[in-house]
Amino acid sequence: MKAMVYRGPYKIRVEEKAPPRIEHPNDAIVRVTLAAICGSDLHLYHGLMPDTRVGHTFGHEFIGVVEEVGSSVQNLQRGDRVMVPFNIYCGTCFFCARGLYSNCHNVNPNATAVGGIYGYSHTCGGYDGGQAEFVRVPFADVGPSLIPEWMEDEDALLCTDALPTGYFGAQLGNIVEGDTVAVLGAGPVGLFAAKSAWFMGAGRVIVIDHLDYRLEKARSFAHAETINFAEHDDVVVEMKKTTGYLGADVVIDAVGAEADGNLLQHVSSAKLKLQGGSPIALNWAIDSVRKGGTVSVVGAYGPLFSAVKFGDAMNKGLTLTMNQCPVKRQWPRLFEHIRNGHLKPSDIVTHRIPLEHIAEGYHIFSAKLDHVIKPVVVPSAS
Ligand SMILES: NC(=O)c1ccc[n+]([C@@H]2O[C@H](COP(=O)([O-])OP(=O)(O)OC[C@H]3O[C@@H](n4cnc5c(N)ncnc54)[C@H](O)[C@@H]3O)[C@@H](O)[C@H]2O)c1
Ligand SMILES: [Zn+2]
Ligand SMILES: [Zn+2]
């Protein structure tokens, strides 16, 4: 089959690879009909994720059609149209029993913090991902769901990561009616977080980025106020000014470890890899939230970190909440919002790229060219 294959930082190709096989009775093989490239894939692409092995296939946002099921699979059959959450999880361990699907204890022999993630390096279990014609889906009775027949493919695709993660970011913010919610990052996750904040009662939503075309989307799609941080000497001061000098009630970090905004931090982390990542967005969140407020972190960070303003967070009495999104937990509410027309996830899709041209897709998304927001990948076998 054709699959995206990692060859080293900034080097990916489409190669012929042996198609996946059923390895366990509860596996399914899914023929991928649509995949996406996520901001998280860029951390792999830039060589920032430990133990990203040459030959690995990325892709943790995908939908498809069941091609084959293992002997113990009961909930799926060949021909089913399925959406697959980016988490791989057992469904029965201590953590899964508490809805912490992204922290499953049984699926990742390489780490105790994070569970399994499709196509996200051996640090996250070493499972090949869905930027390919076929993918192996372990615990097939647990993760995937049938795509409701009224739901369009691209909407279902975005329900496998970007949308539930944005929604989760807003949820973690513990938003109370009337709250001012600031969202750092106007990528897919930030846009969905901003939109979701309204569902949870926000009274004001402010999105911060430095890419004007994305801020424009934040205004039109998420009805947010916007701040371009490149236009201000100190964006924290600007955020304070616009919130009566108190700070926002909730700040959501939808940027993560590759934040721009401070050259020294960006170069020493993302480029020279002298520290685990740039803490800029996280520090802006800590600085611009009000005392006693909540910082919700869904932007991804590497395991070791430095230069975080932890003391300030402590002295301000902040609540810091964070996690990889437990995707399936969000589905019932998200399905309702989509069905009722409150939300059209595919509104943020800007590029539809054949799998054969995925290297170009990564380049465009990484360099933020051509007004890209969300690139979707279309395998030819679909
Ligand atoms: N927790 C989870 O489960 C989960 C799931 C999906 C993605 N993520 C993470 O969420 C983050 C965003 O993903 P995405 O797909 O939207 O990525 P993206 O790269 O499309 O968007 C990131 C945005 O942040 C902006 N940005 C950079 N520095 C900034 C700063 N200092 N302040 C404000 N904005 C800044 C960029 O210009 C860009 O628009 C990534 O770190 C990704 O790994 C986490
Ligand atoms: Zn992702
Ligand atoms: Zn589990």
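Tutor: What follows goes from the domains to the ligand shell and then to the helix packing.

This is a predicted model; local features need pLDDT of at least 70, side-chain atom pairs count only at pLDDT 80 or more, and totals for chains, interfaces and linings use all residues. Residues are numbered from 1 along each chain as its sequence is written, while chains are lettered from A and ligands numbered from 1 in the order in which they are written.

Start with the domains. The chain splits into domain 1 (2–161 + 326–378) and domain 2 (162–322); such bounds come from an automatic or database domain assignment. Their C-alpha centres lie 25 Å apart. Domain 1 puts 23 residues into the contact and domain 2 puts in 22 residues. Contact here means that C-beta atoms, placed from the backbone, lie within 7 Å. On the domain 1 side, helix H1 (39–45) and helix H11 (327–339) each supply at least two residues. Helices (H or I, at least four residues) and strands (E, at least two) are DSSP runs, numbered from the N terminus. That side of domain 1 has 11 nonpolar, 7 polar and 5 charged residues. Ala, Val, Leu, Ile, Met, Phe, Trp, Tyr, Cys and Pro count as nonpolar; Asp, Glu, Lys and Arg as charged; the others, Gly among them, as polar.

Now the ligand. Both domains give residues to the shell around ligand 1, so ligand 1 lies between them. There are 34 residues around ligand 1, and Gly39, Ser40, Gly187, Gly256 and Ala300 come nearest. A residue counts as near if its C-beta atom, placed from the backbone, lies within 6 Å. H1, helix H4 (162–172), H5, strand E11 (204–209) and helix H9 (280–288) each give two or more residues to this shell. The largest share, 4 residues, is from H1. By class, the shell holds 18 nonpolar, 12 polar and 4 charged residues.

Next, H4 and H5. Their axes come within 7 Å and cross at roughly 50°. Axes are lines fitted to C-alpha atoms, for helices over the stretch in contact, and angles run from 0 to 180 degrees between N-to-C directions. H4 and H5 are therefore oblique to each other. Angles under 35 degrees count as roughly parallel, over 145 as roughly antiparallel, 65 to 115 as roughly perpendicular and the rest as oblique. H4 passes H5 in a right-handed crossing, with the near helix turned clockwise from the far one by less than a right angle. H4 brings residues including Gly166, Gly169 and Ala170 to the contact, and H5 brings residues including Gly190, Ala193 and Ala197. The contact has 10 nonpolar, 5 polar and no charged residues.

H4 also packs on H11, at about 90° with axes 9 Å apart. That makes H4 roughly perpendicular to H11. Leu163, Pro164, Tyr167 and Phe168 of H4 meet Val327, Gln330 and Leu334 of H11. These residues divide into 6 nonpolar, 1 polar and no charged.

Last, H5 (residues 188–199) and H6 (residues 212–222) pack at about 30°, axes 10 Å apart. That makes H5 roughly parallel to H6. The crossing of H5 past H6 is right-handed. Leu191, Ala194 and Lys195 of H5 touch Lys217, Ala218, Phe221 and Ala222 of H6. This contact has 5 nonpolar, no polar and 2 charged residues.

Technical notes
Two residues are in contact if their C-beta atoms, placed from the backbone, lie within 7 Å.
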